[in-house]
Amino acid sequence: MAQSRQRRNSLILGMLLLTGCASHADDAKLQADMVILTQKMQALNAELIALKAKQAKEQQLKDQQLKALQSQITQ
């Protein structure tokens, strides 16, 4: 668990460096930026999960409609 958190923090720091946010000399500011970025990542992850669930539901509905159509054709 600690390794996972350490990797996540390293990823966040890397993203901050890439975006130029890590040029702050103030550690408190860097920490705040990390919190904000983490929150944004969590929001995006939640959105991705919701989109995947919606896509799966739509695919299931399409499959059901196709089966119903095939059933009508064979009758």
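The protein chain has 2 helices and 0 strands, where helices (H or I, at least four residues) and strands (E, at least two) are DSSP runs numbered from the N terminus. The model is predicted: local features need pLDDT of at least 70, side-chain atom pairs count only at pLDDT 80 or more, and totals for chains, interfaces and linings use all residues. Residues are numbered from 1 along each chain as its sequence is written, and side-chain values use heavy atoms, with hydrogens and water left out.

**Exercise 1.** Compare the reach of helix α2 with its expected span.

*Solution.* Step 1: helix α2 covers residues 27–74, which is 48 residues. Step 2: the expected span is 1.5 Å times one less than the number of residues, giving 70 Å. Step 3: from first C-alpha to last, α2 reaches 70 Å, close to that expectation.

**Exercise 2.** Determine whether T38 is buried or exposed, and name the residues that it touches.

*Solution.* Step 1: buried means under 20% relative accessible area, exposed over 50%, and partly exposed in between (1.4 Å probe, protein chains only). Step 2: T38, in helix α2, counts as buried because its relative accessibility is 13%. Step 3: leaving aside residues up to four places away in sequence, T38 touches R8 and I12, contact meaning heavy atoms within 4.5 Å.

**Exercise 3.** Describe the salt bridge of K29.

*Solution.* Step 1: a salt bridge requires a side-chain nitrogen of Lys or Arg within 4 Å of a carboxyl oxygen of Asp or Glu. Step 2: K29 pairs with D33, the closest N and O atoms being 3.2 Å apart. Step 3: both residues lie in helix α2, 4 residues apart, about one turn of the helix. Step 4: K29 is partly exposed because its relative accessibility is 38%, whereas D33, at 10%, is buried.
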